[in-house]
Structures are given as C-alpha cells and as structure tokens.
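Let's take a walk through a protein model together. Have a look at the picture first, and then we'll go through it piece by piece.

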Amino acid sequence: MMMIDEEQQALLKRASEERELIFHRYSLGLDPNNEVDPWENPTYEIYHITDKYGFMHDSRLPDIRDSHEVQRTKIELERDKKWMKMLANWNLHHEKLRKRVFKGIPDRMRWPAWKKLLNVDELMISNRDTYQRMLDLARKYSTEVRQIDSDVNRQFRDNLAYRERYSVKQVSLFNVLNAYSLYNPELGYCQGMACVAAVLLLYMQEEEAFWALNTLIVDKKYAMHGLFIEGFPKLTRLLEHHDRIMSKIMRKLHQHFIKHNVDAILYSIKWFFVVFVERIPFSLSLRVWDIFLLEGDRVITAMAITILYLHKNELLRLKDMDSIIEYLQVKLHKNFGYNDDYVVEALERVMKKLKDLKLDVPPPVKVNEFPTKPLGEFVEADIEKKIGRRRSEYTDTEKQVISDVILRQEQNAIEVQSNVSYETSECATGDAYSMKTYQSITSLATSPAISSSSLYSNGFIVTNIPISNLSASSHSTTTITSTTETTTSATSFHIASTTTANIDSTNSTITKWTCNVNDLHNDLQQLQLNGDDILYQNYEDQNSDINDDDDDDDDDDQDVCKQTEYVVKEAGPDIVDVSDQDDELSVENTRL
C-alpha cells in the first residue's frame with residue numbers, strides 16, 4: 001500500500017471538506033439559510049416572454065393570443081390524444097410510430113414517449129436502489145464535484161427550471177452527474193454530459209434521467225460513450241464521415257471551407273456532442289432529439305448535412321473563417337430561417353438519399369467506444385485524482401488525437417489542391433486561426449472523461465511542433481495552426497498542365513456519383529419549391545382536419561403543414577452562382 005505523506009494528507013482532507021460543503025449546499029436547495037452569491041442568481045423581469053419550453057426571450061409578451069397560436073394549440077391537443085392511444089399499445093417497430101415521431105412528439109407526450117424509446121422504466125425495475133447507492137457513494141468519493149458544480153451553475157440559466165441557484169432541477173442535475181461518474185468510472189465525467197442530462201431533466205424525474213443518460217451512453221444505438229471518453233474516438237470517426245459526405249456531394253462548399261480554414265471540428269462539436277442543442281432553435285433541436293432517440297446516431301450526420309445544405313448559398317457568400325463560424329454557431333441559433341416542419345422534411349429526404357448512396361452509416365465502431373469495465377462497481381480513485389492535481393504531460397491517447405486532427409486537415413488540403421482552381425493564390429492553410437474561433441471551439445468545454453485537466457479542457461489543439469514535445473503545462477492559451485502552411489505554395493490551387501491526368505481521374509470518379517447525386521439534388525430541389533407553399537399556407541385550411549379519425553394515416557400527414565409558422569423568404573440581389581458542375585447539390589437558397 002502506498003504511503004501518504006503529511007502534505008498529501010492535508011490535500012485529501014481539504015478535497016473532502018470541499019466536496020462535503022458543495023453537497024451540503026445542494027442538499028439545502030432553496031432553503032433561505034443556504035449561501036448563494038448574488039451573481040449566481042441573475043435577475044429577470046416577470047414580463048419577459050417565456051416560451052413553452054421555459055426559455056426566456058427579450059421580446060415582450062403579446063397582449064392577446066393570435067389566431068395561429070390558438071389553432072396550433074387545438075391541433076396539439078388532438079395529437080396528444082393520438083399519442084396517448086399509441087403509448088398504451090406501444091410497438092417500437094410500427095410504421096405509424098415513425099411517421100408521428102418525424103412530425104414531432106407533442107411536448108406533453110415527450111415524458112412518456114422518451115421513457116419508452118430509452119427503455120427507462122425497465123432499467124429502473126431491474127436496477128432497483130442502484131441510483132441511490134451511487135449517489136451515496138458519490139457524496140463520499142466523487143472526484144468530479146467541483147467541475148460538475150461549476151457546469152450546473154451555467155447550464156440553461158435562461159430557462160426557468162434552472163434559473164434559480166440550487167433550484168430543484170439544478171439539484172437533480174448535480175446529483176445525476178455525480179452518481180453517473182461513479183456508476184461508469186471508466187468514463188467519469190465530461191462537461192458535454194451536463195447539457196445532455198439537462199435536456200433529459202426538462203422532461204423526466206431525477207432517477208429517470210439517470211437511466212436515460214445511461215442508455216444514451218452505453219447502448220449501441222446511440223453510443224455516446226465514445227464521444228465523452230478520453231480521446232473522443234467517436235468524434236474523430238464522425239468528423240471523418242462528415243468530411244467524406246461533404247467531399248462527395250457538396251464539393252464546392254467543402255472546398256470553400258478548406259480555403260478559409262474552416263475545419264469541421266470548429267463548427268460541429270456541439271452538433272455531435274449534444275445533438276444540436278444551443279446551435280439551432282430549441283424547438284427544432286427537440287424535433288431532432290425525437291428522431292435521434294428513434295433512429296440512432298445516423299440522424300446526427302444527416303442533420304449536419306441538412307443544415308449546411310439549407311444554408312449553403314449564404315455560407316458561400318462569407319469570405320472569412322470567423323464569419324462562417326459565427327454564422328453556424330450563433331446566428332442559426334437565433335434565426336434558423338426555416339420553420340421546423342420544413343427542416344425535418346428536408347432531413348428525412350437527406351437521410352433517405354444518404355442511405356441510397358451508402359453514406360448514411362459512419363465507419364465501423366472502434367473497440368474503445370464502449371465500456372470495457374463493469375458498470376455500477378465502485379472503483380476508488382487514486383490519490384492524484386482525489387487531490388485534484390493536474391497532469392503535467394499529455395497521455396498517448398491525447399497525442400494521437402492531435403495527430404489525427406493534423407492528418408485530416410492535411411488530407412483535406414491535398415484534396416482541394418488536386419481538384420479545384422481558385423481565382424486567388426491565397427494558400428488554403430495560410431490564415432492563422434483567430435482567438436475568436438478558439439473561443440467558439442471551447443464553447444462546449446469538452447474536457448475529457450476521467451480528468452478535467454487534459455488539453456481538452458482548453459479546447460482542441462493543433463500545432464506544427466512535434467507531438468513528442470507537447471506539454472499540457474505550456475498551453476494556458478491555445479490557438480490552432482495547420483501544419484500544411486509550410487508545405488503549400490502560393491500556387492497551391494492553380495492546377496498546372498502536369499496535373500491533367502489527376503484531374504481526368506478525379507472527373508471519372510465524379511461521373512460515377514453523378515446519377516445518384518443528381519437524384520438527391522432533384523428531390524431536394526422539389527422539396528425547396530414545395531417549401532414555398534408550406535411557408536405561406538393559409539391557416540384557414542386547418543379547421544377541417546382537426547377532428548379526423550385517429551386510425552386514418554392521412555390525418556397525420558396533414559399535421560405537418562398545419563403547425564407551420566410564417567417565414568418571409570427574401571432573395572438577395574447577389575445570389576452566388578453555384579451552377580457549376582463541380583457541385584451537384586447546388587440550389588437557389590434563402591438569405592436570412
């Protein structure tokens with residue numbers, strides 16, 4: 001047994017006292033005697049508008065409910081009745097279930113529907129008292145308390161459920177994350193898990209959310225363990241698959257991103273880690289969650305392509321990396337530009353076509369993407385973790401991730417160099433990544449699973465110094481630089497006559513894709529045209545269908561159009577010409 005010196009004893013005692021103090025404050029909850037710093041409870045006006053999900057907005061409450069809102073409420077009440085009947089006769093493989101999930105689970109039905117989809121009730125019965133046992137152990141032995149407390153304090157603070165410090169939902173979130181860090185010690189805690197658990201807790205009770213989180217992490221259908229474990233193997237796999245899809249069916253946008261140093265890792269981290277929460281409007285992210293819980297993680301890559309496709313023309317107008325990242329990370333969250341029904345219909349078409357092109361499923365799962373140790377067995381942490389001492393060196397896994405990111409950037413640059421000629425001689429990797437983009441990357445705060453001290457607590461690092469020389473202690477502030485900067489010349493994207501053979505080879509490859517990709521283009525083009533009718537559909541047509549017979553599938557097919565909100569589409573005077581043959585998914589798009 002390792003001997004513990006006096007200094008370590010003192011540090012262990014301090015860590016234990018800190019853990020007990022934090023747990024005590026959460027135990028007190030909203031007790032007036034609980035200590036809450038003034039800055040931890042932001043003030044808000046009662047007349048701020050609060051949406052149906054509890055999120056607050058800057059606009060004021062309207063004086064009266066408009067006719068469209070009244071009509072939507074009537075429709076949703078009717079759909080509630082249909083879902084209650086379907087939940088009473090649950091059949092996961094029934095085609096009607098899939099149709100109704102794609103139309104959106106009514107908000108009041110998400111609690112029972114999500115529990116069914118995630119098999120929550122069965123897990124609670126078969127693991128009785130396990131959650132309370134893990135929570136009791138966490139109070140004594142959790143090494144993640146400080147980080148979890150910090151994350152709970154900043155999660156969904158614009159939502160009424162999490163607005164007040166030590167509110168019921170804040171306490172539940174704190175308990176769930178601490179208990180799970182002990183239940184799955186191989187994973188521990190990663191900061192992205194707080195957002196996932198917070199969404200679940202908006203619709204579930206504390207123990208229900210614990211088992212729902214466990215299903216999302218360990219079930220092969222969702223396999224989020226690979227996203228949060230040290231090294232993020234699933235993230236690497238999804239990024240590679242995303243790049244492959246972009247290079248095959250959205251070549252012009254893919255080349256545009258590479259030209260301006262926009263690696264997929266800069267805009268898609270929160271897409272993949274938390275299924276688009278806080279990157280698109282919350283109502284739309286819930287629709288994506290509904291489909292994700294039914295279909296699994298193939299929905300995530302399809303939705304990523306759908307977002308880029310719908311906003312492709314606007315993205316092509318943006319001529320620098322920071323504006324592209326801001327558009328994808330900030331502007332789309334505030335105003336997506338399309339109503340939810342229209343986006344989900346586009347997503348369904350994209351999923352179907354990716355399946356036809358055999359691009360719907362990412363590469364095979366790696367071994368380390370699933371737990372290798374038994375769940376629910378207590379494993380006491382070592383002294384270094386108990387004390388909370390930071391590691392001074394990166395692990396081999398972390399170094400490998402850095403190497404993988406560099407390699408993928410180099411491959412993307414080489415692909416552009418071999419396939420496209422730009423009007424400018426600017427090097428594809430010549431611009432340095434700005435601090436603004438660094439802050440965008442770290443918005444998710446993706447610290448690694450077991451230790452919050454790894455390089456990922458400060459965001460992804462890509463540097464052109466040798467991997468063996470990297471040291472965590474030397475990077476308090478990090479930027480990302482491509483290694484290909486020193487190897488690509490000013491004429492990188494001007495193809496000389498000597499590369500004619502390569503271009504011919506590439507063209508022959510593109511030809512093989514033309515038929516299938518043209519089908520995708522045509523279908524989405526028709527969807528775009530149909531969307532104009534959907535966006536302007538008159539609500540007067542809705543009344544006749546509200547009381548249709550539940551057993552008739554046609555009534556469900558009409559509901560999508562009934563809940564549409566008006567969106568004014570404005571064609572810009574400077575629409576980018578995307579008609580060249582190099583981009584098979586070109587379509588005139590909407591300016592926001």
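## A histidine in a loop

Where does His260 lie? You'll find His260 in the loop that runs between helix H14 (251-259) and helix H15 (264-274). Keep in mind that this is a predicted model.

So is His260 buried or exposed? With a relative accessible area of 6%, His260 counts as buried, because the cut-off for that is under 20%. Setting aside neighbours within four places in sequence, His260 is in contact with Leu318, Lys319, Asp320, Met321 and Ile324.

## The whole chain

Now zoom out. The protein chain has 25 helices and two strands. It is 592 residues long, and 54% of them count as buried.

What about contacts between residues at least 6 apart in sequence? In this chain, 80% of those contacts join residues at least 24 apart.

## The nonpolar core

Here's a handy rule: in soluble globular proteins, nonpolar side chains tend to be buried together. In this model, the largest nonpolar core has 129 residues. The members that touch the most other members are Trp114, Leu200, Leu216, Phe257, Leu308 and Leu328. Helix H17 (residues 298-310) gives this core its largest share, 10 residues. Both domain 1 (7-220) and domain 2 (233-369) supply at least three residues each.

Let's pick out Phe257. Not counting residues up to four places away in sequence, Phe257 touches Met246, Val262, Tyr267, Leu308, Leu315, Ile324 and Leu328.

The crossing of H2 past H3 is left-handed.

Which residues make the contact? From H2 come Arg79, Lys82, Trp83 and Met86, while H3 brings Leu97, Arg100 and Val101. Sort the residues of this contact by type and you get four nonpolar, three charged and no polar.

Our last stop is Ser283, which sits in helix H16 (residues 282-295). Along the sequence, Ser283 and Gly104 are 179 residues apart, yet in space their C-alpha atoms are 9.7 Å apart. Which residues does Ser283 touch, not counting residues up to four places away in sequence? They are Tyr53 and Asp340.

Conventions: Residues numbered from 1 in each chain as written. Predicted model: local features only at pLDDT ≥ 70, side-chain atom pairs only at ≥ 80, totals over all residues. Heavy atoms only, no water. Helix = DSSP H or I, 4+ residues; strand = E, 2+ residues; numbered from the N terminus. Contact = heavy atoms within 4.5 Å. Left-handed = near helix turned anticlockwise from the far one by under 90°. Nonpolar A, V, L, I, M, F, W, Y, C, P; charged D, E, K, R; others polar. Core = buried A, V, L, I, M, F, W, Y, C linked by side-chain atoms within 4.5 Å. Buried < 20%, exposed > 50% of the residue type's maximum accessible area, 1.4 Å probe, protein only. Domains from an automatic or database assignment.
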